[in-house]
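This report looks at charged side chains and how they pair up. Keep the model open while reading.

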Amino acid sequence: MAKYLVIVESPAKVKTIKKFLGKNYEVDASNGHVRDLPKSTLGFDAEHGFEPKYITIRGKGDVLAKLRKEVKKADVIYLATDPDREGEAISWHLYQALNLANSDKKVYRISFNEITKNAVKTSLKKPRDIDMDLVNAQQARRMLDRMVGYRISPLLWAKVKRGLSAGRVQSVALRLICDRESEINAFIPEEYWTLDASLKVKGEKKPLTAKFYGTEKEKMNITSREQADAIMAELEKEKFAVTDVKKGERNKKAPQPFITSTLQQEASKVLNFSTQKTMRLAQQLYEGVDVKGIGTVGLITYLRTDSVRISEEADAMARSFIAAQYGENYVSSHVQEKKSSNKIQDAHEAIRPSDITRTPVMVKESLSRDQFRLYQLIWNRFTASRMSDAKYETTSVKIGAGKYCFTVAASKLVFEGFMSVYTNEDEEKGTQNVMLKSIDKDTELSFDAWDEKQHFTQPPAHYTEASLVKALEERGIGRPSTYSPTITTILARRYVIKENKNLYVTELGEAVNSIMTEAFSSIVDEHFTANMESLLDSVEEGTVNWKTVVSNFYPDLDAAVKQAEKDLEKVQIADEVTDVICEECGRNMVIKYGPHGKFLACPGFPECRNTKPYFEKIGVACPKCGKDIVLRKTKKGRRYYGCENNPECDFMSWAKPSSEKCPKCGSYMVEKGNKLACANEQCGFSEEKPKKDEKN
C-alpha cells in the first residue's frame, strides 16, 4: 500500500494527528520555519529585483535531514502547516528545502481549522497546490519588517544605545502609548456635580432616587457648588410630581464568537492574562490535549483569525446542543453578521470549541487551571453567540419640580437568553428603584433629602495590553498573529513597562519614539502602516505584485535613513561628571546609561566599582520639607517626582511639580502640557504656563 507523509509545524500536533490516520501515514513536524533571511545581512539585493536570499535556520539542519529520510520512504507528501499566510509560507519553504519539485513524489497542501478526526480526514479529501499569493504576502511582510529593522536599528544603536530595535508595527504601537501618555500629562480635570433627590412615595417604605436632568427642554451640566446650591434653593418650596411614565422592552444582543483580538481583550479583562499567555494557552488547546476517556484531541479551532464566520456544521451542532440543554426558546432565531472588512480572511472560522458537546466540566480534570479557564471562556462565548437575546422590561419616569426635570430609570431582566451562559463585569445588574412598576402619573411624591456630589473629569485611561490590541485592530495596524509579539517586544526592550495592567512609557521608550517620529514620521504614522497592511492583503488576493510593494517602499526608507544619519543629534548618554563624590576613592562620580536608565558610577572603573542610583534635580523645592525634588523611577522604570530626603520625607507626584504656588488655595502647582494646574484636586485652579521671559 501507498505510504503517506504528513508534515505539520508543531511536534505537539504529531501525536494528535497520527492517532486519526492509521498505520499507512507517518506524521512529522518541521518545528516552525526551516528557512529565513540571513541574520548577518539585509537578505536581498535592492539593486537586482529584490529577490530574497534564504538560508537554512541554524539548528534546523537535523530536522530537514530527518524529513528528507521520511520523504524517501513516502509516495505522497501532505504539507499540513497552519491555515494562514505564515503556515502557507512554511509549506513553501519546506517544498524548496526538501527539493520536492525535483522528486517523483506527489506533493499536496492541506489545511484544517481544527485538529479533529473529521477535520483532518476531510482535508485529505480536498488537497490543493500551495497558494503562492499567500506565500508572497508573507514574503513581502517579512522583507518590509527586515528593511525597517535592519536599516533603522543600527541608527538607534549609534544615536541612543546598543541593543535597541525598531519595527514596522512595534514603532507605531510605541507611538500610540507615547501619545496617550502626553494626553494624560496635559489633561486638566474639570469640576462637575451630580444632584440626586431622595423622594418619599406614598404607600412605599423605601424612598425613590431621582437624578437631576435639567429643564424639560434641555440637559444641564452642574459645574460648581454654587450652581448646585442655587438649584437646591430654587426647589425648596417646589412640589415634585410625576410628569411622564414610559414602559417598554429592551433586547440585549448575544455576543459574536471570539476572534484573536477579542479573545486577547476578554482574557485580559476577565482572567488577567497577558496577550502572550493567552496565545500560548490557546495554542496548547488547539494543538491537542490528552482528555481522559477520549485521548489526545484539539479542543478549539485555529487561534489566529479575524473572521467571525462559523461553519454550517458547527452552527447546526451548537443549535441542537442548546435546544437539548436549555430549551428551544434559548436557540437564536437569527445569526449576527459582523460588517465585513477587506482585511478579514474569511477562509478562517471564529475561535470556537471543536466540539460543543465537550463541555468545560467534562474536560476540567484533563486541563491545567489556566487551560480550563481559557477553554471555559471560549466555550461560553461561542455557545452564547448561538443563543437568544436577553430581554429586559424597562421603566423610565420623568419628575417635574418647578422649571427643572429629574429622571428615574430601572430595568428588570425577564428572559436571560444567552446571559444564562455568558455575562461580563460590565453587565447591568438592575437598579435600586425596584418599586417603579407601581408608579404612574397620579403617584404622590414628597421631598426627603438631597444627595449632591462633587466629581472631576478623568483623563484618558492608560493603555492596557487589551486596549492596545483593540486600538491596533481598530486602526488596521498589524494582524491577529502580530498583536502578542508586538507587545512582548516593546516590553522586553523596556520601551514600556507594565504596572497593574497599565502600560507606561519609559525614558528609553521616549528617546526611541522621539527619534522615530522626527526621522521616520511615515513609518510611525498609523495611516501609512494601516495602508501597508491593506497592500499586503491585496498581494494575498493576487491583485498586487509583492515585489512592487517592496520596491516602492525601500527607496524612501533608504533616503530617510541616510538623511537621519546626517541630521539627528546623538542622544546625550556620554559620561557626565557630577558633584557627587565617590565614598571609596574620592573621585567625582559620572552619569552612565544602563539597561534601566541613568545611574552614577565611579570613573575609576575597573579599580573602583562603586555605583549609586542617579536622581536628577528639577530645580524645585519640596513642598513638604524644602529640600530638592528629584526625578525617580519605580522598580519597573516608571518615572515620578519625589523628595531627595526620602524616606524621611514621603512627598511624591506623578506630574512634574512647579515652583509656582496656586493663587487660589496656596498649594503647589504641577505641569500639565502648556498649563499649570493646582495639585489639590478639590481646588481645580489652572492657568497658562508662564513663558521663560515672563518669570524674569
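Start with Asp145, which is partly exposed because its relative accessible area is 27%. This is a predicted model. The side chain of Asp145 meets that of Arg168 in a salt bridge, 2.8 Å from N to O. The pair links distant parts of the chain: Asp145 sits in helix 5, while Arg168 sits in the loop between helix 5 and helix 6 (170-186), 23 residues apart. Is Arg168 buried or exposed? Arg168 is buried, with a relative accessible area of 3%.

Helix 5 takes part in another pair. Arg142 and Asp36 join their side chains in a salt bridge of 3.1 Å, N to O. Arg142 lies in helix 5 (residues 132-159) and Asp36 in strand 3 (residues 35-36), so this bridge ties together parts that are 106 residues apart in sequence. Arg142 is partly exposed at 26% relative accessible area. Asp36 is partly exposed too, at 21% relative accessibility.

Next comes Arg128, which forms a salt bridge with Glu88. Arg128 lies in the loop between helix 4 and helix 5, and Glu88 lies in helix 3 (residues 85-97), so the pair ties together parts 40 residues apart in sequence. Arg128 is partly exposed, with a relative accessible area of 30%. Glu88 counts as buried, at 1% relative accessibility.

| Pair | N to O distance |
|---|---|
| Asp145 and Arg168 | 2.8 Å |
| Arg142 and Asp36 | 3.1 Å |
| Arg128 and Glu88 | 2.9 Å |

The structure holds 38 salt bridges. Some charges form a network: salt bridges link Arg85, Arg479, Asp537 and Glu540.

Now the surface. Which residues gather in a patch of positive charge? They are Lys15, Lys19, Lys117, Lys121 and Lys125. Helix 1 (11-21) and helix 4 (117-125) each supply at least two residues of this patch. Helix 4 gives the largest share, three residues. Lys15 belongs to helix 1. Lys15 is exposed, with a relative accessible area of 57%.

Lys675 is found in strand 27 (residues 675-678). Lys675 is partly exposed, at 29% relative accessibility. Beyond residues up to four places away in sequence, Lys675 touches Ile188, Val670, Glu687, Glu688 and Lys689.

Last, the whole chain. It has 18 helices and 28 strands. Of its 696 residues, 50% are buried. The chain carries 109 positive and 99 negative side chains, and the centres of the two sets lie 5 Å apart. It exposes about 34900 Å², with carbon and sulfur atoms supplying 47%.

Terms used:
Residues are numbered from 1 along each chain as its sequence is written. This is a predicted model: local features need pLDDT of at least 70, side-chain atom pairs count only at pLDDT 80 or more; totals for chains, interfaces and linings use all residues. Side-chain values use heavy atoms; hydrogens and water are left out. Patches are made of residues with over 30% relative accessible area and no salt bridge: like charges are joined within 9 Å, nonpolar side chains (Val, Leu, Ile, Met, Phe, Trp, Tyr) within 5 Å. Accessible areas come from the Shrake-Rupley method with a 1.4 Å probe; for residues, only the protein chains shown count as cover. A salt bridge is a side-chain nitrogen of Lys or Arg within 4 Å of a carboxyl oxygen of Asp or Glu. Lys and Arg count as positive and Asp and Glu as negative; His and the chain ends are not counted. The place of a charge is taken as NZ of Lys, CZ of Arg, CG of Asp or CD of Glu. Helices (H or I, at least four residues) and strands (E, at least two) are DSSP runs, numbered from the N terminus. Buried means under 20% relative accessible area, exposed over 50%, partly exposed in between (1.4 Å probe, protein chains only). Contact means heavy atoms within 4.5 Å.
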